[in-house]
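Trainee: I have not seen this structure before. Could you take me through it and set each label against its definition?

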Amino acid sequence: MNYQSTRGHDVPQSFSEILLGGLAPDGGLYLPKQYPQITAEELEAWRKLPYADLAFEVLSRFCDDIPAEDLRALTRKTYTADVYCNARAGDNTADITPLRTLGEEGGTKLQLLGLSNGPTLAFKDMAMQLLGNLFEYALKRAGLKLNILGATSGDTGSAAEYAMRGKEGIRVFMLSPHRKMSAFQTAQMFSLQDPNIFNIAIEGVFDDAQDIVKAVSNDHAFKARQRIGTVNSINWARVVAQVVYYFKGWLLATSGPGQKVSFCVPSGNFGNVCAGHIARMMGLPIDKLVVATNENDVLDEFFRTGTYRVRTSAQTYHTSSPSMDISKASNFERFVFDLLGQDADKLVALFSDVDTKGGFDLAGTPEFARIGQFGFVSGRSSHQDRLATIRDVNQRYGVTIDTHTADGVKVAREYLQPGVPMVVLETALPAKFADTIHEALGHEPERPAAFDGIEKLPQRFEVMPADADSVKAYIAQHTGL
Ligand SMILES: *Cc1c(COP(=O)(O)O)cnc(C)c1O
């Protein structure tokens, strides 16, 4: 399987070659040259597979340069009921991503696919845990070391740390704004005692931490010498790991070949729903892919009107579904490439307009007219919608959902079709967003047992000024190179 860049760079790359990299050399994102096709017979044969073996089947279609037995060992090590142990009482933890039916609405089943039962209680664990094992494997094979540098306001950083803790050849340097994360998020990250995890609390806000990461990454000599890498959401292996649970969700929601299922995806950087798009391109019978946004509605605007208009940071709202607070959607380019019929020249023109004019407009073009063929529809949700939905789902079905999942349920209800199950991806557990749950329900959400008293554990972190040189000096002292 060879990979190409969305911007046309045409030196074929293998899965292992792009695994550790980020953007392609021309600034584009990697995609396979062709999407592997799965037949109805193969799908039926996959019904009986445990999640880890389903993951092997899907991933092996994309990475043919890792020996099958090694890849199978990696998926079996990753997708265990021990790692994904935080499911609600009554859900089948052995499914890894259990499907729960909320109820009948609009002539169909409204269902939740539980993607947030991993160590950090959010769906990013689904891909990141695999990435940790893949990185360790690939680095060992190549005799290399990697130092992951990132900035976080909470979620991504903890998913990365929990994936990379204790991994041979890998160290993580994670910057976060000092005293600006919730007590729960801070405890999740700072209580890790693994010697390969370095928490750096920056005296500033998230943007200061982000700027330092950019400054360090722009020092190419330093970056190369210290073997600095990232694990951001454009990483191809992360996207492809997410393809697996669309297959699992479809298999759990159907009983036979050809049945259609719709998925509703609480979206920010378009990584999650991009995986759904890929599953659909592989032949999975998905009817609609419903993109749900919060008040930061860049994506909803595009799917409704054809206009893609990125926001400035001043135009980006801080909402109660904070993991969807984005100004532009970093994985969106992958879908646009397919929408343009994989025409890299057209894509380069559009994305240079993003840089120079802040966006592009496909309204009235033949490309945008084709959008229905890809199954995409969209909607947005506000803070009031979120509260009302959390309350309603709690009262009607006795289930407490988190704020992001609530955005999903709110928008999913606008697209129910009789006879087509609507599967909403549950992207976080409510325990992570206790304040908003309290605002909606008047009480705190339940916490999975493993997190009892987490705020009282000893914490390990370094406080540093918002200054790139100090951070560089700290990294250089601690990479062990
Ligand atoms: C990251 C995240 C999202 C958004 O996912 P994208 O892949 O960026 O679209 C939604 N919900 C939660 C809880 C998240 O952590």
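Mentor: Helices are DSSP runs of H or I with at least four residues, strands are runs of E with at least two, and both are numbered from the N terminus. This is a predicted model, in which local features need pLDDT of at least 70, side-chain atom pairs count only at pLDDT 80 or more, and totals for chains, interfaces and linings use all residues. Residues are numbered from 1 along each chain as its sequence is written, and side-chain values use heavy atoms, with hydrogens and water left out.

Trainee: Where is Lys124 placed, and what does UniProt list for Lys124?

Mentor: Lys124 is in helix H5, residues 124-142. The UniProt record, an unreviewed entry, lists Lys124 for "modified residue: N6-(pyridoxal phosphate)lysine". UniProt positions are given in the numbering used here, with feature names shortened, and annotations may be inferred rather than shown by experiment.

Trainee: Why does Lys124 count as buried?

Mentor: Buried means under 20% relative accessible area, exposed means over 50%, and partly exposed is in between, with a 1.4 Å probe and protein chains only. Lys124 has 16% relative accessibility, so it counts as buried.

Trainee: Which residues does Lys124 touch, not counting those up to four places away in sequence?

Mentor: They are Thr156, Ala159 and Arg238. Contact means heavy atoms within 4.5 Å.

Trainee: Why is Lys432 called buried?

Mentor: Its relative accessible area is 7%, so Lys432 is buried. Lys432 is found in the loop between strand S14 (422-426) and helix H18 (434-441). Beyond four places in sequence, Lys432 touches Thr120, Leu121, Ala122, Asp155, Ser158, Phe184 and Gln188.

Trainee: What makes the protein as compact as a globular protein of its length?

Mentor: The protein has 19 helices and 15 strands. Its radius of gyration is 21 Å, close to the 23 Å that the globule rule gives for 481 residues, so the protein is as compact as a globular protein of that length. The radius is taken over C-alpha atoms, and the rule is 2.2 Å times the number of residues to the power 0.38. The C-alpha trace spans about 60 × 55 × 50 Å along its principal axes.

Trainee: What percentage of the 481 residues is buried?

Mentor: Buried residues make up 60% of them. Among contacts between residues at least 6 apart in sequence, 75% join residues at least 24 apart.

Trainee: What makes helix H13 largely enclosed?

Mentor: Eight of the eight residues of H13 (residues 332-339) are buried, so the helix is largely enclosed by the rest of the structure. Among them are Glu333, Arg334 and Asp338. H13 is followed by Gly341, whose phi is positive, near 65°.

Trainee: Why is Phe351 buried while Thr307 is partly exposed?

Mentor: Phe351 has 8% relative accessibility, so it counts as buried. Thr307 has a relative accessible area of 22%, so Thr307 is partly exposed. Phe351 lies in helix H14 (residues 344-357), and Thr307 lies in strand S11 (residues 307-309). Leaving aside neighbours within four places in sequence, Phe351 is in contact with Arg7, Glu333, Val336 and Phe360, while the contacts of Thr307 are Glu301, Phe302, Phe360 and Asp361.

Trainee: What is phi at Ile96 and at Arg227?

Mentor: Most residues other than glycine have a negative phi. Ile96 has a positive phi of about 65° although it is not a glycine, and phi of Arg227 is near 50°, also positive. Ile96 is in the loop between helix H4 (68-78) and strand S3 (99-105). Arg227 lies in the loop between helix H9 (220-225) and strand S8 (228-229).

Trainee: Are Ile96 and Arg227 buried or partly exposed?

Mentor: Ile96 has a relative accessible area of 3%, so Ile96 is buried. For Arg227 the value is 34%, so Arg227 is partly exposed.
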